[in-house]
Amino acid sequence: MRTCAALALLLVSGAANAEVLDYDYVYLSRNGTESDGNGSGGGFKSFGGHTHVFASYDDTAFYAGRHDDWDYDLQTLRVGAGGHYLIGERTMIAPSLSVFRSRGEAKAPSWDEPRELEGTGYIAQFDLRHAVTDWLEITAAARLTRFDGDSATEMVGGVMFHATDNWAFGALYHHRDGGDTTELTVRYYY
């Protein structure tokens with residue numbers, strides 16, 4: 001127990017002094033969904049002071065899958081753009097819009113065989129990020145997803161620990177129509 005406390009104190013004392021609200025990073029995430037996928041990964045790139053673009057690949061049905069008791073085997077590619085604006089010195093709002101394409105199979109408990117699922121959707125999202133310190137960020141988001149004729153809403157909240165100038169680790173809680181999950185993520189800021 002003392003070793004864990006000493007390690008935590010060491011990490012906090014040596015934490016990053018970089019800008020924690022940056023939009024120039026790549027990431028890998030693992031979300032506790034009901035699928036057999038490995039997770040998602042992607043990246044963000046900012047330009048022009050207030051604009052960012054992003055892309056991601058997901059194989060866990062994270063964006064398209066919403067039924068808690070279904071089994072998904074989907075691959076999803078997502079691309080989008082957004083803006084980010086400081087409110088004060090340590091708080092940022094970031095609206096964004098993205099489109100995604102999902103393809104694969106889904107199986108409901110009442111079906112004998114999986115069925116092909118393919119389609120395009122979009123996500124409208126509003127992020128709120130706050131740098132509590134130079135190494136600790138809290139984040140919240142509201143997300144509306146449209147896919148295959150259905151709509152889903154989602155609320156996200158979590159923390160990011162910026163361990164160094166380049167590396168951050170976090171946990172995000174997702175509350176959505178189809179159930180709640182926890183996402184573990186690692187980011188590399190470039």
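**Close-up views of a predicted model**

**View 1. Phe47 and Thr51 where strands S2 and S3 meet.** Phe47 stands opposite Thr51 in S3. The model shown here and in the other views is predicted. S2 and S3 run antiparallel and are joined by eight bridges. Three residues lie between the two strands of this hairpin, and Gly48 takes a positive phi near 70°.

**View 2. The two faces of strand S3 and its pairing with S4.** The covered face of S3 carries His52, Phe54, Ser56 and Asp58. Thr51, Val53, Ala55 and Tyr57 make up the uncovered face. Strand S4, residues 71-83, runs antiparallel to S3, with eight bridges between them. Tyr57, from the uncovered face of S3, has Leu77 of S4 opposite it.

View 3. Side chains alternate along S1, which spans residues 25-31. S1 pairs with S2, residues 40-47, in the antiparallel sense over five bridges. S1 is also joined by seven bridges to S11, residues 179-189, and these two strands run antiparallel. Leu28 has a partner in each of these strands: Gly41 is its bridge partner in S2, and Val186 of S11 stands opposite Leu28.

**View 4. The largest cavity and its lining.** Three cavities of 30 Å³ or more are found in a search of the whole structure. The largest cavity holds about 430 Å³ of space. It is lined by 27 residues, of which Tyr25, Phe44, Gln125, Arg143 and Arg187 are the closest to its centre. Elements that give two or more residues to this lining include S1, S2, S3 and S11, along with S6 (91-107) and S7 (115-131). S8 gives five residues, the largest share. Sorted by class, the lining has twelve nonpolar, eight polar and seven charged residues.

**View 5. Arg143 in strand S8.** Arg143 is found in S8, which covers residues 136-147. Is this residue buried or exposed? Its relative accessibility is 10%, so Arg143 counts as buried, the cut-off for buried being under 20%. The side chains of Arg143 and Gln125 are joined by a polar contact of 2.7 Å. Both residues are among those closest to the centre of the largest cavity. Pro95 is 48 residues from Arg143 along the chain, and the C-alpha atoms of the two are separated by 9.9 Å.

Definitions and conventions: Residues numbered from 1 in each chain as written. Predicted model: local features only at pLDDT ≥ 70, side-chain atom pairs only at ≥ 80, totals over all residues. Heavy atoms only, no water. Buried < 20%, exposed > 50% of the residue type's maximum accessible area, 1.4 Å probe, protein only. Helix = DSSP H or I, 4+ residues; strand = E, 2+ residues; numbered from the N terminus. Pairing = 2+ DSSP bridges. Polar contact = N/O pair within 3.5 Å; in protein donor to acceptor, adjacent residues only side chain to side chain. 1 Å grid on protein atoms, 1.4 Å probe; cavity = no way out; pocket = protein on both sides within 12 Å on 5 of 7 lines; lining within 4 Å. Points joined across faces, edges and corners; volume = space filled by probe spheres on them. Nonpolar A, V, L, I, M, F, W, Y, C, P; charged D, E, K, R; others polar.
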